[in-house]
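Please examine the sequence and the three-dimensional model shown below. The paragraphs that follow lead through selected parts of it.

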Amino acid sequence: MAELKFPAGFLWGASTAAYQVEGGIENVDWAQAAREGKVPPAGRAADFYNRFESDFDIAASLSMNAQRFSIEWARIEPEEGKFDEKQIEHYRAVFAALKVRGLTPVPNLWHFTLPLWFSQRGGFLHEDAPEVFARYCRFVVERLGSEADLWLTHNEPMVYSAKGYWDGVWPPFLKNPLRHLRVISAIAAAHRAAYRAMKEARPAIQVGIAKHNIFFESNWNPLNMLRCALSDRFWNHRFLRLIAGYQDFIGLNHYHHRKFGATAGERAAAVRSDMGWELHPTSLYHCLVGLKRYGLPVYVSEHGLADAADSRRAEFIRNAARSLHRALADGVPVKGYLHWSMLDNYEWTEGFGPRFGLVEVDYATQTRRIRESAYVYKQICEKNALVD
Ligand code: FCB
């Protein structure tokens with residue numbers, strides 16, 4: 001039996017996002033879209049806003065030492081330029097609850113949902129958007145910057161822009177190739193402005209984004225090789241290049257493998273999650289290696305699967321640990337792994353159907369049940385090693 005050991009101080013934990021778990025958020029574009037019948041309502045979600053302490057008890061009982069969560073912009077700035085100190089105090093309590101349980105916080109400032117006032121004035125395409133976003137980020141780190149070292153500004157800007165401006169299935173429901181490209185640049189500009197503001201307010205903090213990268217490969221047919229190279233360049237690296245020099249670490253969110261020219265047999269043989277997403281055993285490793293060129297510390301900020309029966313999650317987690325270990329051996333400065341997700345939650349247009357949690361949530365009673373696979377993860381967290 002081999003023991004794959006991880007460096008001391010490696011972060012092991014899980015991830016959530018405010019709108020997906022907190023409940024009671026009504027002043028954002030997604031809630032408005034739900035009222036218009038365009039997406040499912042999030043309602044009380046997992047009631048994490050009121051239950052974060054007992055949920056962090058579970059995280060600590062699973063031997064985790066870190067937790068990623070998001071701060072809801074619309075709670076902090078419900079009206080343009082008006083900041084709500086009571087909500088700052090709420091998130092201060094969240095940080096305190098993490099600290100007493102020995103959980104390193106990894107806060108994220110924007111995870112897809114926009115305050116209604118911001119979305120109604122054109123979202124990130126408004127000319128003032130970078131300053132407005134940076135003002136919010138600065139405000140939060142002025143108040144709470146002493147509570148965490150690692151801060152994320154954006155979650156998955158490429159997914160946000162593709163779903164909202166190209167596929168037209170998420171707010172603002174546009175299918176507009178030109179605006180799609182423009183919004184990517186605009187979000188990058190907002191990140192750069194936020195980075196400057198946050199570092200000015202709190203020079204000691206580390207600022208990054210959570211970047212959704214895909215493992216692209218091809219069957220070596222020249223046309224497929226070209227498609228693969230272009231996809232990698234655009235999807236995986238364009239945004240990171242736009243913010244070059246404005247990030248202290250990279251958060252990697254990883255879920256997908258795409259092989260150009262895959263045979264029908266390969267496609268049929270793939271193990272899949274309840275979302276139909278392929279669970280490729282080494283794709284996380286390949287994505288980590290793809291980030292080595294930036295020379296920055298990397299935290300896996302999301303990686304997970306919908307698996308209501310919990311029949312594939314344990315092996316998925318063990319494969320993740322193997323990928324992390326192999327990437328470390330290859331010199332990628334990986335510093336942590338935050339599984340998606342701590343809890344079952346609202347999966348955007350899919351509503352509450354998909355079950356991504358290490359912990360199952362019964363939404364009718366808000367009771368929690370730890371899934372078996374979470375105990376497999378616990379062994380890794382506890383030992384800071386995978387016994388293979
Ligand atoms: C990611 C999102 C996260 C969650 C997972 C399944 O793209 O960041 O909110 O929906 O997918």
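Which residues surround the ligand? The ligand is surrounded by Gln20, His111, Phe112, Asn155, Glu156, Asn253, Tyr255, Glu302, Trp340, Glu347, Trp348 and Phe356; a residue is near a molecule if one of its heavy atoms lies within 4 Å of it. This is a predicted model, in which local features need pLDDT of at least 70, side-chain atom pairs count only at pLDDT 80 or more, and totals for chains, interfaces and linings use all residues. Residues are numbered from 1 along each chain as its sequence is written, and side-chain values use heavy atoms, with hydrogens and water left out.

Some of these neighbours make polar contacts, that is, pairs of N or O atoms within 3.5 Å. An N or O atom in the side chain of glutamate 156 is 2.5 Å from an oxygen atom of the ligand. For glutamate 347, a polar side-chain atom lies 2.6 Å from a ligand oxygen atom, and for tryptophan 348 the corresponding distance is 3.0 Å.

The backbone also deserves attention. Most residues other than glycine have a negative phi, and most peptide bonds are trans. The bond from tryptophan 340 to serine 341, however, is cis, with omega near 10°. Serine 341 lies in the loop between strand E9 (334-340) and strand E10 (359-362); strands (E, at least two residues) and helices (H or I, at least four) are DSSP runs, numbered from the N terminus. Another cis peptide bond, with omega about 5°, joins proline 171 and proline 172. Proline 172 is placed in the loop between helix H8 (157-165) and helix H9 (177-201). Aspartate 47 is not a glycine, yet has a positive phi of about 55°; its place is in the loop between helix H2 (29-35) and helix H3 (48-61).

Finally, consider how helices pack. Two packed helices are described by the angle between their axes and the distance between the axes. Axes are lines fitted to C-alpha atoms over the stretch in contact, and angles run from 0 to 180 degrees between N-to-C directions. Helix H12 (residues 283-290) and helix H13 (residues 313-329) pack at about 30°, with axes 8 Å apart. H12 is therefore roughly parallel to H13, a term for angles under 35 degrees. Their contact (heavy atoms within 4.5 Å) is made by Leu284, Tyr285 and Leu288 of H12 and Ala320, Ser323, Leu324, Arg326 and Ala327 of H13.

Technical notes:
Parallel < 35°, antiparallel > 145°, perpendicular 65-115°, else oblique. Polar contact = N/O pair within 3.5 Å; in protein donor to acceptor, adjacent residues only side chain to side chain.
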